[in-house]
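Here's a quick briefing to read with the model open beside you. It starts with a sheet and its helices, then moves on to the domains.

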Amino acid sequence: MAIQDNFPLRSSLMSVLWDIQRKRRFISRDDMTKIAREFNISRMELEGVISFYHFYHRADCGKYTIYINDCVISQYSGRNVIVAAFEEAIGVKMGHVTADKMFGLFKSPCIGLSDQEPACLINFQPFTNLTPFKIKEIISQIRNGKRAYEICDTPKSVIQYTPVIDKTVFCKPYTPYSSLSFLKKYNPEEIIEEIKKSNLAGRGGAFFPTGLKWQFCRQNKADQKYIICNADEGEPGTFKDRVLLEEHPELLIEGMIFAAYSVGASLGAIYLRAEYRYLKEKLEKVLFKYRKEGKLGKEISAKIPFDFDIYVHLGAGAYICGEETALIHSMEGKRGEPSTKEVFPVEKGFDGKPTVVNNVETLCAVPRILEMGVDSWLAIGTEKTPGTKLLSVSGDCEKKGIYEIEWGMNMREFIKLTGAKDAKMIQFSGPSGELLSEKDFDRNISGEDLSCGGSVMIYNDTRDLLHILKNYSNFFVEESCGICVPCRTGNFLLNKKINKLILGHAEEKDLADIIEWSKIIKTTSRCGLGQSSSNSLNDAMKKFPEIFEKRLSENTDFNKAFNLEKAIEEYDNIINDLSTTYE
Amino acid sequence: MNNKVKLKIDGKSIQAEGGTNLVDVAKENNIFIPTLCYFKELNPLGTCRICTVKLNGKHTTGCTVKVSEGMNIEVNTPELLDNRKAIIEMLYAEGNHFCPTCEKSGNCDMQNHAYDMGLTVTRYPHVFSDKIVDFTPKRMIMESNRCILCKRCVEEIKTRDGKDVFSFVQRGIKTRVHIDYEQEAKLSEAEALYAMKICPVGAILIKGVAHEQPFGERKYDILGKDVIPSFKSGKAKKEDHEKFIVATTSLAGCFGCHMSLLDIDTGLLDMLEIVEFNKSPLTDIKNFTKRCHVGLIEGGCANEENVHVLREFRKKCDILIGFGECAIMGGIPAMRNFIPLKECLEESYMNGMTSEIGADIIPAHEDLPKLLNNVYPCNEVVKIDYYIPGCPPNAEHIWKVVKSILLGEEFSITHDEFKYD
């Protein structure tokens, strides 16, 4: 029996949809009718699920589906040239499928290859550092019968920096199974104690104390508990979890084993973002090895023997599913909408049972902490954030890739490491994080000062800040789940304001509006997406006021965004068309 | 069970049963937390966000808070009141809420909140997105233009075999509630009526019964409170011996607002003691002959000429007042914003029931103003200073506003006078 079979039936919905999508290249009406019957849900509910995720298609998306990153980093790496090259090679424009249904070309938010852009996914296989020539080659090889997996690249794990060996936590060799001896040494409470002492906190960016989360989950009595690894890193510019999944799947699995042992969970899942589907098979192989060695499955040997197993659950394209309650809904085969926060997953999570959701990096840290001992761990980093942090660096710098830094590092020192000589702006912790200017470069990277989930995007003087902000805003508008109005429409309206600024139609009042509207969106949104989506725009206005002032026009009583010539153009065209004879 | 807890709401010490819902606790203590999606203590939805309060200094939705010992809750701070108003305004801007044509008007929770908040206009530009009105089900109509995605119907209406009748589809700004026809057919009459009843706006309608209750006798026609509008400081300035000068115009409107203007009857004579009309259909003065204190605008902008006139008013008047729904949000004419202009013209002049066979004349002449691609609310073309809602606005309401702007007096508007429909 497969592990998935222990989960409620509904949680297999996404994988059923994936099977059909992969075979048929879209999900047809007939398929939907059958699936709805199979899962005993209404057809419209199913349509709601399918239409929530952007990798499920309702129309043929081509035998070879190409996704190109739409993030600003990709644009600055030459995305437009790449798109043009693809369009030329396959003969259709972005967003379309060739007449013979061979190729489909689509855009997607960040695909997690920011250090190797321009990049794309073809049938979810990675192709990195693209050039127009390379694209021609790829397309002709596919036309000659090669499969995407045969000719794809293996994304390199570029580790640019680690601290001295004693202080390195993640990026150093690991002997599989070695940490598992602690299962025999400690009982569950003792492991939770160790993790609490270590001050380890959620590395996805929320920084909730991991030990506490485990303890809460342990305290909630239930016949079934779940451990879910959040491998849905969707914040534009981040790819650190990809590298961990690639280099150290063992650390992750062992981290999950410790979590399961500590809280008393017998089932686990890795929620893998669809953009990393090429890692799924590898992960499953490692899981198989662990199972064969008796490290997963029934009666895992420990001070108190226990059962635990893990399967890989594939996402289908939705940034919001990185939010833990949305992720849980998605795993349940529903729309990935976040919950209200009156009950936490540790009490009622997946299938209504106590559930721990931890980030990849958090879980990977657990075996390392046990291995090196809490005291040595605490000796690294700062008081609030001990240990090291993985940062994904991309943009205008010489050395893109992963940096394992000791918490507390000075920003200027860090910038020096990246080889960025003319950094003007740094988007720290992704578009939902903080935008840094020169003045911030003397700050330190730590929980006390500049906290970070993992994404670091560097921009030099030649980059247009408003263009960057517009790109972020497009992303949030696209990725809002739509359940609450401040986020759903508020972000859309802010996007319009950015347009106004870009076109030079904005006045001082528009800047005041942005500040006021952002505050409303921030304070009333249902989840972290809306609460943080306007951060970068407001930071930008505060830290680079001169850029905005330059774009402002004179204050008047007339709305410059209203263009009379444009507004009557359509009428003119209609009349023109009607009065033209073609004979 | 004795599980009394002490908490504070807006500084007031309150005792309540621990674990009960904050919205209900507040209500019992005469503190009103407005809600749209909340209607059942079990499973609060937390989608509409207007009940956002501050709990121990942090923002959260009131409907999801269960009271416990020592809580300090803020409900009616200026910031929170404005947040609530802003969310209602955003819902108005996002949807296409034409109260004058809505079957639910008078029974609509959202409309009532807007009345209570004295909302005359939304601070956000109207999105005017094209949304489907689904007439397909036998009994029901799903009017997505009015849907605020509160999720009540999605969570609450199920068939007897446990299937959803209403579902969210798409995501982000494109999110909609759609009906599953097969499941809808399974509902009993009573269940279908219940679906219409729990819809806080006019999105779910049952054919044939939506108009049963007469307007004027509906839930919020009877309830509801008077409004004290917020006014900017300063009044119109003039020399003592002069009269105030007022101009009026009707753009893309029906002149109904101007008709309403005359409805103060003999009051008009008192008005003329202090007011002199310049450019206006009332005086038939076609061009401005002097600068005006106040310009009253009826109707939105549907053609070129409307835009020119409106801009002229902005230049010649110190204060502009938009009166009537059309001036404020486009009104009935703006319903064409969801249909391509070409289709509108073809329907009117070529394919309409009364047009001649083979007719292909769409009016076009240099003397005719050109149509705009959309109908624009006035404030999307020029700055408008004040708004008087209604279709048409009540005569008393119009003159109260005009007079108080001219004289700088404070006033209040009765619930009867303040209407969108």
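This is a predicted model: local features need pLDDT of at least 70, side-chain atom pairs count only at pLDDT 80 or more; totals for chains, interfaces and linings use all residues.

Residues are numbered from 1 along each chain as its sequence is written, while chains are lettered from A and ligands numbered from 1 in the order in which they are written.

**The sheet**

- Chain A has an open sheet of 4 strands in the order 2-1-3-4, with mixed pairing (two strands pair if DSSP finds at least two bridges between them).
- At the edges sit strand 2 (103–108) and strand 4 (125–127) of chain A, each pairing on one side only.
- From one strand to the next, the twist averages 25 degrees.
- Strand 1 (residues 64–69) of chain A runs parallel to strand 2 of chain A, and 6 bridges join them.
- Across from A:Tyr67 you'll find A:Phe106, in strand 2 of chain A.
- Helices (H or I, at least four residues) and strands (E, at least two) are DSSP runs, numbered from the N terminus.

**Helix 5 and its neighbours**

- Helix 5 (residues 79–90) of chain A lies across strands 1 and 2 of chain A, at about 165 degrees to strand 1 of chain A; axes are lines fitted to C-alpha atoms, for helices over the stretch in contact, and angles run from 0 to 180 degrees between N-to-C directions.
- Helix 5 of chain A also packs with helix 6 (residues 132–143) of chain A at an angle of about 30 degrees, their axes 9 Å apart.
- Among the residues making that contact are A:Phe86 and A:Ile90 of helix 5 of chain A, and A:Ile135 and A:Lys136 of helix 6 of chain A.
- By class, the residues of this contact between helix 5 and helix 6 of chain A are 9 nonpolar, no polar and 1 charged (Ala, Val, Leu, Ile, Met, Phe, Trp, Tyr, Cys and Pro count as nonpolar, Asp, Glu, Lys and Arg as charged, and the others, Gly among them, as polar).

**The domains**

- Chain A is assigned domain 1 (1–155), domain 2 (160–378) and domain 3 (465–551), with bounds from an automatic or database domain assignment.
- The centres of domains 1 and 2 of chain A, taken over C-alpha atoms, are 27 Å apart.
- Their contact takes 33 residues from domain 1 of chain A and 27 residues from domain 2 of chain A.
- On the side of domain 1 of chain A that touches domain 2 of chain A, helix 1 of chain A gives the most, with 4 residues.

How values were computed:
Two residues are in contact if their C-beta atoms, placed from the backbone, lie within 7 Å.
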